[in-house]
Amino acid sequence: MIELPGGIRIGLDADDLDDATFTLSESTDDDRRVVAVDSIADTLALLTERCERWPQTAAVCDDVLRSVDPEASTFSGVITESLAYSTLQAGAEFARWLDERGPATVPQLPEPVQVHRDGNTLHVRFNRPQRHNAFSTDARAALLEALEVARLDPSVDEVVLGGNGRSFCSGGDLAEFGSFADPASAHLARTRHSPALLLDELTARLGRHCRARVHGQVLGSGLEMACYCGWVSCDPGAILGLPELALGLIPGAGGTVSITRRIGRWRTAYLVLSGRTIDPTTALSWGLVDEIVSVASPA
């Protein structure tokens, strides 16, 4: 086993599977604790570079993934994740990213989420196509309002989550990052107004009839929210990943629960720590998505 900065332990053989953050192999393996890569040497070099640059974030990511029990309540997992996320929002690595990004203004786009009802099916679509449906505070509020309709109306027996334009959702709108009043307020906003918790509740009621149809960029919070749905249909051209480490952050939309439930903590850690995206075929083999099918999207 090799230890990287931040205390990240990378396994290289079968003896390391349980204790390692994840184990690398150059052969395909169905074991969720193992990630198949083209080159172990190249992947270790990438991981070392990233863990050296973001050692605190890498360590917190590993801590959270080891602490969250995906079989326990979603609420407890979301709380653990959010507290860790707020810790990092107050940290030096996120501050460095904000400084490198510089000042930014969030564009105000009308109707960030579109909703329509067809019989007993509620269709909910992200509608910021100019920004690949980057998730913003106003989009979160609109999404929560739509999901609350489905939660309160028992006649809604199907919910379909999708996105307009070229992508399902490219993750949080980076122009908005750093605009929180303080980390404690940010934690309360994330947990008291959480699409993850509503999607989880709807999936508990509707099963695979709470569906996500993803295409294009399916990144960060977009992937995290989709994975709460009972069934995820993925377009053949989609790219999926968790890019948060490069911001000095971990997944913050409930992904340490939803994604871990689907693929295990080991492969979730790999997606975060490596920053690599995966294709739909890999996502299907891991169980991150449930089918690959062409997903038509309004322009």
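**Helix packing, nonpolar core and aromatic pairs**

Helices α3 and α9 are oblique to each other, because angles under 35 degrees count as roughly parallel, over 145 as roughly antiparallel, 65 to 115 as roughly perpendicular and the rest as oblique. The model is predicted, so local features need pLDDT of at least 70 and side-chain atom pairs count only at pLDDT 80 or more, while totals for chains, interfaces and linings use all residues. Residues are numbered from 1 along each chain as its sequence is written, and side-chain values use heavy atoms, with hydrogens and water left out.

**Packing of α3 and α9**

- Helix α3 (residues 74-89) packs on helix α9 (residues 255-274) at an angle of about 125°, with the axes 8 Å apart; axes are lines fitted to C-alpha atoms, for helices over the stretch in contact, and angles run from 0 to 180 degrees between N-to-C directions.
- The contact (heavy atoms within 4.5 Å) is made by T74, G77, V78 and E81 of α3 together with G255, T256, V257 and R261 of α9.
- Helices (H or I, at least four residues) and strands (E, at least two) are DSSP runs, numbered from the N terminus.

**Nonpolar core**

- The largest nonpolar core has 80 residues, of which F22, L24, F126, L143, L240 and L288 touch the most other members; such a core is a set of buried Ala, Val, Leu, Ile, Met, Phe, Trp, Tyr and Cys residues joined through side-chain atoms within 4.5 Å.
- Helix α9 gives the most to this core, with nine residues.
- Leaving aside neighbours within four places in sequence, L143 is in contact with V113, V124, F126, F135, L161, P195 and M225.

**Aromatic pairs**

- A search of the whole structure finds six aromatic pairs, where rings of Phe, Tyr and Trp (its six-membered ring) pair if their centres lie within 6.5 Å, and planes under 30 degrees apart count as stacked, over 60 as edge-to-face and the rest as tilted.
- The rings of F94 and W97 are stacked, because their centres are 6.0 Å apart and their planes are at 15°.
- Both F94 and W97 are buried, a term that means under 20% relative accessible area, with exposed over 50% and partly exposed in between (1.4 Å probe, protein chains only).
- The rings of F126 and F168, with centres 5.3 Å apart and planes at 75°, form an edge-to-face pair.
- This pair links distant parts of the chain, since F126 lies in strand β6 (residues 121-126) and F168 in the loop between β7 (158-163) and α6 (183-192), 42 residues apart.
- F126 counts as buried at 2% relative accessibility, and F168 counts as buried at 0%.
- Ring pairs also link F94, W97, F177 and F180 into a cluster.
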